[in-house]
Amino acid sequence: MTAVKGTGQGDAVSRDDVAAQTRQLYAGIHERQITEETSTRLPGYLELIDLDVTGLNCLDLGAGSTARDAIRLISAGAASVALVDVGDAWMTTARAELERHGIPAERYSLVDATGWMAGDDGSRYDLITCSGVLHHMEDPDSALTNVNMRLRPDGHFYLMVIGKGGLVRDFVMHTMRDLYASDSGFRSFMDGDPDAMLGTIRAGLHGLAVDRDRPLPAAYAQLLDLLSGGLDVDLMLTLKDRVNSPIYHEYDLAMATHLLESHGLRIVQRVYTAPQFTNIRAILEPVYSHPERPISRLLMGSGDLHLLATKAGRPH
Ligand SMILES: C[S@@+](CC[C@H](N)C(=O)[O-])C[C@H]1O[C@@H](n2cnc3c(N)ncnc32)[C@H](O)[C@@H]1O
């Protein structure tokens, strides 16, 4: 199932614009995550995968302005990381983040995805990572063809894509995305500043408590207060990620397995990251770290997919 949105004026998004629009959205999200110091709130996958990255030459496809996975890889001993993302505007922020984390310039390079997808400079990598990116791509198959070509014969590919199904996920990925596409008022709310979004939601919840024909029992008033306190800018940025991006392909494990195998990549490990949220999403932490539990499947379906694969054809 793929959630594809219009521009907001009822037009289909032009194929050429999808990557640029996606980048523009994440430029804002990543800038704010850096300010809020939440860009690394999700735990890395490096400590979970059965792969020692020491000395590896890596490429991060869709690295983002926070450069967080490149920072993690080099800090864990990778020899180098090529960071690839759309255009060149992201590079200033990414470079500043790499420098802020003490990463020497000779350990990384910054690459525009358009040229990277179009040509082959002959470089081959030990590890390619693609975290939270493939599900936004208009043509995931081309990206994976490129990944396979750029991997050394015994190279690894780490892929993170969003899962599929579940009550909470379907509400966000379908009900909210559908509303964003069809309702200009909701769209302008979702496109707004995250602080303004937070203020609007809190005012709405407060209104439910006080703007009434008869008083709300104290316990429910407290519940609304707790709910309000459980919201923060980070949650607003997550909602923008889920709702405002032009494309969000959703994958269950069978779909991801098929996609990878059709590009010569064989899954060797699935890992479950254990996020630490500072907002109401903390309630759902076990759902992320234990997606096989019945309550997890009910709420979040297949669970997000964090997969380590190798180039097929060689025993692992
Ligand atoms: C959710 S962010 C993930 C960033 C980073 N991988 C991380 O985990 O923090 C998605 C990123 O994919 C990038 N992206 C979207 N379409 C792309 C494409 N066609 N080629 C390369 N990067 C793309 C966006 O610009 C954005 O930085």
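## Nonpolar cores

The largest nonpolar core of this predicted model holds 53 residues, and those with the most contacts inside it are Ala 70, Val 81, Leu 83, Ile 128 and Leu 159. A nonpolar core here is a set of buried Ala, Val, Leu, Ile, Met, Phe, Trp, Tyr and Cys residues joined through C-beta atoms within 7 Å. Strand 6 (residues 151-161) gives the largest share of this core, six residues. Apart from this core lies another, of five residues, among them Tyr 26, Ile 29, Met 197 and Met 236.

Ile 128 touches Leu 59, Leu 61, Val 147, Arg 150, Leu 151, Gly 155 and Phe 157, leaving out residues up to four places away in sequence. Contact requires that the C-beta atoms of two residues, placed from the backbone, lie within 7 Å.

## Numbering and confidence

Residues are numbered from 1 along each chain as its sequence is written. The model is predicted, so local features need pLDDT of at least 70 and side-chain atom pairs count only at pLDDT 80 or more, while totals for chains, interfaces and linings use all residues. Helices (H or I, at least four residues) and strands (E, at least two) are DSSP runs, numbered from the N terminus.

## Glu 97

Glu 97 lies in helix 3 (residues 90-100). Glu 97 counts as buried because it has 20 C-beta neighbours inside 10 Å. The cut-offs are 20 or more other C-beta atoms within 10 Å for buried, 12 or fewer for exposed, and in between for partly exposed, with C-beta atoms placed from the backbone. Not counting residues up to four places away in sequence, Glu 97 touches Ile 34, Thr 66, Ala 67 and Ile 71.

## Around the ligand

The ligand has 20 residues around it, of which Arg 23, Gly 62, Gly 64, Ala 113 and Gly 132 come nearest. To be near, a residue must have its C-beta atom, placed from the backbone, within 6 Å. Two or more residues of the shell come from each of helix 1 (15-36), helix 2 (68-75) and strand 3 (80-85). Helix 1 gives the largest share, four residues.

By type, the shell has nine nonpolar, seven polar and four charged residues. Ala, Val, Leu, Ile, Met, Phe, Trp, Tyr, Cys and Pro count as nonpolar, Asp, Glu, Lys and Arg as charged, and the others, Gly among them, as polar.

## Helix 6 and helix 10

Helix 6 (residues 167-182) and helix 10 (residues 233-244) pack at about 75 degrees, with their axes 8 Å apart. Helix 6 is therefore roughly perpendicular to helix 10. Val 172, Met 173, Met 176, Arg 177 and Tyr 180 in helix 6 meet Arg 242, Val 243 and Asn 244 in helix 10.

Axes are lines fitted to C-alpha atoms, for helices over the stretch in contact, and angles run from 0 to 180 degrees between N-to-C directions. Angles under 35 degrees count as roughly parallel, over 145 as roughly antiparallel, 65 to 115 as roughly perpendicular and the rest as oblique.
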